[in-house]
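Reader: I am new to reading protein models, and I would like to go through one slowly. Could we take it up as a set of questions?

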Amino acid sequence: MIQADRIWVGARVLTMEPGEEIIVDGAVAVKDNRIAGVGTSEALRQTVEAAKIIDARGKLIMPGLIDAHIHSSYAVIRGVAQDMDHWMQKGIWPWMKYMTMEDRLAGSYMNIIEGIRAGTTTFADYDRKMDSLLEQNASLGVRFHAAEMINELPDDIGDLPVSELYPLDREAGKRRLLAGTDLYDKWHGAENGRITVLLGPQGPDMMSLELLQQTKAEADKRGIRLHMHVCQGDRELYQLEKRYGKRSIAFLEEQGLLNERLTAVHLTEADEEETAYAASKGVNMIHCPGSIGIIDGIVPPVQAFLEAGGKAAIGTDQAPGNNSSSMFQEIKAAAVLNKVKARDPKVFPAQQALHMATLGAAEVHGLDHEIGSLRTGKKADLIVVNLETPALTPALTKPVDTITPNLVYAASGEEVEDVIVDGRFVMKQRKLVHADETAAAQRAQQRAEQLARKVKI
């Protein structure tokens with residue numbers, strides 16, 4: 001008999017393994033931080049001996065969601081920059097120039113809590129001062145695939161007119177690259193492997209050619225990927241064309257960065273040819289539909305990227321962009337907006353959207369050998385969803401599956417009851433195990449009010 005710490009029985013089980021259907025009377029067993037078995041309740045009862053048996057009738061067990069791209073500390077300025085043009089220059093930078101480390105910490109902590117409550121178990125957090133953020137957030141018990149945001153932008157760039165070239169601060173760039181490599185040395189593989197690190201050049205327009213190449217060299221040395229905004233807006237194309245006479249995709253190809261080691265966020269302004277070419281070169285894409293829809297009023301070319309053979313994931317981006325770190329909201333936005341863009345209801349089906357928030361996201365970040373689906377031997381990152389709610393009723397598997405489309409089009413995240421990461425509960429019966437949610441929200445509110453008194457807009 002296989003020994004396990006606990007086994008959930010009587011559940012619907014959505015493994016997200018390719019080609020597998022929902023197991024109707026399913027079971028999942030966990031031993032330490034690994035999945036010890038997945039199958040029918042009858043089969044696992046015969047082969048698994050568990051210290052604790054959990055009756056999961058009326059529940060769905062599925063892989064935890066993966067937020068493939070999030071700037072968690074920005075949550076302290078949630079809601080300050082909606083319904084406007086030039087979102088970054090006019091909306092965000094006037095606030096960021098006054099943000100303190102305490103502001104960032106308060107926003108980040110609240111944002112990760114929000115994501116956990118909606119079923120996110122892995123956060124690809126991409127931010128400044130990431131070492132301090134991890135020092136605080138590691139105790140929440142979730143998985144981080146983190147990157148220090150590397151650029152050469154001066155701290156006081158909030159006063160820069162929209163039409164001018166960004167001034168570049170070489171010394172700041174050196175410090176931020178060092179922070180990124182130090183982050184890797186300190187945190188990669190920490191917390192029993194829950195924390196992994198990659199390098200994060202913010203964008204090809206926000207750094208010199210020298211710093212971009214140095215960052216690439218450091219990533220190559222460590223065998224890790226680059227997580228970078230690419231074609232994220234007309235501002236990026238404007239900067240690159242003025243500096244180098246090239247658009248982003250051509251520029252990155254010339255610099256040897258257009259390959260499977262690049263995880264490109266947004267591709268908002270990539271045209272059809274650029275999109276297909278990036279996919280053909282093995283580039284991975286992260287799609288943040290809610291954020292880009294609000295910031296730019298554009299649906300990025302993710303469907304064209306997928307049709308060209310590329311792999312893509314979904315991320316929430318940041319709270320002043322899409323106002324939410326609920327992956328369920330983002331999954332729905334991806335499916336609906338891409339249908340509208342294509343004028344075709346068959347485009348971007350629910351299964352595809354959910355894949356891009358689970359196994360597909362793990363593939364994009366090179367983590368699919370450990371997470372993203374429920375398979376014996378993988379890390380025990382899973383969520384328990386209450387199917388006996390109005391939004392998820394009826395829960396059918398025959399003659400059609402209603403569970404998958406209802407997760408994508410109807411769930412809000414409030415249906416998630418339990419969140420397990422690395423085999424341990426981080427949320428149980430809607431209560432976080434390692435955090436005081438009310439205190440976190442009050443702290444963020446206090447920091448936001450103090451910050452608001454400094455900003456002049």
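This is a predicted model: local features need pLDDT of at least 70, side-chain atom pairs count only at pLDDT 80 or more; totals for chains, interfaces and linings use all residues.

Author: Residues are numbered from 1 along each chain as its sequence is written, and side-chain values use heavy atoms, with hydrogens and water left out.

Reader: How many residues of strand β7 are buried?

Author: Strands (E, at least two residues) and helices (H or I, at least four) are DSSP runs, numbered from the N terminus. Buried means under 20% relative accessible area, exposed over 50%, and partly exposed in between, with a 1.4 Å probe and protein chains only. Strand β7, residues 120-127, is mostly covered, and the number of its residues that are buried is 8 of 8.

Reader: In which sense do β7 and strand β8 pair?

Author: Two strands pair if DSSP finds at least two bridges between them. Y126 stands opposite A147 in β8. Over 4 bridges, the sense in which β7 and β8 (residues 143-150) pair is parallel.

Reader: What is the N to O distance in the salt bridge of R170 and E152?

Author: A salt bridge is a side-chain nitrogen of Lys or Arg within 4 Å of a carboxyl oxygen of Asp or Glu. The pair links distant parts of the chain, with R170 in helix α5 and E152 in the loop between β8 and α5, 18 residues apart. The side chains of R170 and E152 meet at an N to O distance of 4.0 Å.

Reader: Which helix holds E210, which also meets R170 in a salt bridge?

Author: The side chains of R170 and E210 meet at 3.7 Å, N to O. R170 lies in helix α5, so the pair ties together parts that are 40 residues apart in sequence, and E210 lies in helix α6.

Reader: How far apart in space are L396 and L168, C-alpha to C-alpha?

Author: L396 has its place in the loop between β15 and α16, and because its relative accessible area is 37%, L396 is partly exposed. L396 and L168 are 228 residues apart in sequence, and their C-alpha to C-alpha distance in space is 57 Å.
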